Amino acid sequence: AKPIILVTRKLPAQAQARLSALTSVTVRQHLSTAPISHSALLSDIRGSSALICLLSDKVDSELLEAAGPQLRAVSTVSVGYDHVDTQALKQHNVRLGYTPDVLTDATADTTVLLALMASRLAKAALAKAAKGESAFTLSEGLGSQFTGKTLGIVGLGRIGCATGRRLLPFGFTRVLYTGSQPHSARAGALNAEFVGFHELLQLADLVCVCCPLTDRTRGMFGREAFQHAKPGSILVNTARGAVIDQEALLEALDAGALAHAALDVTVPEPLPAGHPLLCHPKCTVLPHIGSATEETRNAMANLAIDNALAAVLGQPMPAEVCIGIE
Ligand code: GLV
Ligand code: GLV
């Protein structure tokens with residue numbers, strides 16, 4: 001029998017056509033645009049050799065046990081893999097594929113989009129325009145600009161670096177970054193200085209969160225952090241919602257500790273209608289569109305297919321997370 005690849009979602013058109021044309025494997029797929037239930041996932045994975053999934057699919061030991069011993073790889077259509085229990089994968093000798101690089105530009109673009117929306121108060125301006133009201137006054141509804149300001153990047157990885165490259169031409173005169181360790185090559189290209197997290201918050205006018213969600217970064221933006229925020233600063237998060245303590249963020253916005261927060265990622269996703277962050281005049285929320293371009297989503301899905309096929313054939317995956325499997 002041909003190996004089975006379980007795919008939990010409909011893919012973008014070009015990648016979907018390629019997947020549907022595969023003949024070396026049997027594709028079992030949920031052709032939906034909505035997340036699959038955990039119970040459906042548990043029953044459908046039985047007998048699969050690879051799983052192509054999204055960040056809304058929780059991959060844990062229960063799922064790996066339900067799959068059976070022929071499961072070779074989990075191939076997530078994302079660069080983040082905080083939804084995957086990597087210890088459990090290692091114990092089950094299941095490899096992990098992901099999609100770095102191909103989504104870097106799109107995600108950095110989204111970071112810039114949110115930074116500009118926040119600094120120019122686009123949320124309020126759009127609401128005015130939608131009501132047919134004028135925002136053209138000399139004195140009201142004024143935003144701020146980046147010229148002469150300090151940029152702070154939390155996590156100078158691929159996306160953090162691409163964000164810095166895009167934002168520098170807006171006229172920032174200083175770039176700071178923080179993270180688990182300095183990256184001198186990446187920092188050199190941006191002339192960025194490595195600082196501690198609180199120092200970055202004290203000095204940066206625009207803080208962009210570009211780090212993965214890990215035990216170290218979960219809740220990193222909490223009450224204590226917001227006490228260090230530079231008054232009038234803007235916080236943009238295109239990483240993972242759980243890096244920010246949302247209760248603490250709401251308090252900080254109400255207290256005027258920050259000028260604006262602009263979030264592509266939240267807990268939960270989506271936020272329910274009427275959620276205080278959606279209604280807050282100082283908060284702009286997008287529904288996780290970081291990588292949502294035709295080009296990038298096809299590239300991500302194709303890389304996820306490549307990862308799954310390689311693993312099923314016992315070949316090296318083009319983009320594998322090193323979790324300690326030989
Ligand atoms: C999206 O959030 C991703 O991790 O690719
Ligand atoms: C992931 O966070 C990346 O920088 O690609």
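**Close-up views of a predicted model**

View 1. Look for Val-79, Pro-100, Thr-104, Gly-157, Arg-158, Ile-159, Gly-160 and Pro-212 around ligand 2; a residue is near a molecule if its C-beta atom, placed from the backbone, lies within 6 Å of it. Helix 7 (residues 158-167) gives the largest share of this shell, three residues.

This is a predicted model, where local features need pLDDT of at least 70 and side-chain atom pairs count only at pLDDT 80 or more, while totals for chains, interfaces and linings use all residues. Residues are numbered from 1 along each chain as its sequence is written, and chains are lettered from A and ligands numbered from 1 in the order in which they are written.

**View 2. Ligand 1 has a shell of its own**. Around ligand 1 you can find Leu-55, Ser-78, Val-79, Gly-80, Leu-103, Gly-290 and Ser-291. By class, this shell holds three nonpolar, four polar and no charged residues.

**View 3. The protein chain has 13 helices and 13 strands**. These are DSSP runs, numbered from the N terminus: helices are H or I with at least four residues, and strands are E with at least two. Along its principal axes, the C-alpha trace of the protein chain spans about 70 × 45 × 30 Å.

Notes
Ala, Val, Leu, Ile, Met, Phe, Trp, Tyr, Cys and Pro count as nonpolar, Asp, Glu, Lys and Arg as charged, and the others, Gly among them, as polar.
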